[in-house]
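Work through the following exercises with the sequence and the model side by side, and try each task before reading its solution.

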Amino acid sequence: MAPGYVATQKVIDWWNAAPDPAAARAETMALHPGGRIADPEEIANAAVFMVSDECRFMTAACLTIDGGLSVRQHG
């Protein structure tokens, strides 16, 4: 899996350590076309899918779950 930014404690701590936490948060959100980052549950749902019987034939694939970040960065 290739998740983008996820609202984890590590990301929140990173924002809070910035000189201007609100600006750091806004900058991160602006990187994503949807204007937000993933909730941990959204990444967990993809992981559950990948190990489920609904995904039996997916092999050696990278599932990008980044809210469009990679499209904006590399598109």
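**Exercise 1. Find the partner of Glu42 in a salt bridge and give the distance between the closest N and O atoms.**

Solution. Glu42 pairs with Arg36, and their closest N and O atoms are 2.7 Å apart, which meets the definition of a salt bridge (a side-chain nitrogen of Lys or Arg within 4 Å of a carboxyl oxygen of Asp or Glu). A search of the whole structure gives one salt bridge. Glu42 is partly exposed at 31% relative accessibility, and Arg36 is partly exposed at 46%, where buried means under 20% relative accessible area, exposed over 50% and partly exposed in between (1.4 Å probe, protein chains only).

The model is predicted, so local features need pLDDT of at least 70 and side-chain atom pairs count only at pLDDT 80 or more, while totals for chains, interfaces and linings use all residues. Residues are numbered from 1 along each chain as its sequence is written, and side-chain values use heavy atoms, with hydrogens and water left out.
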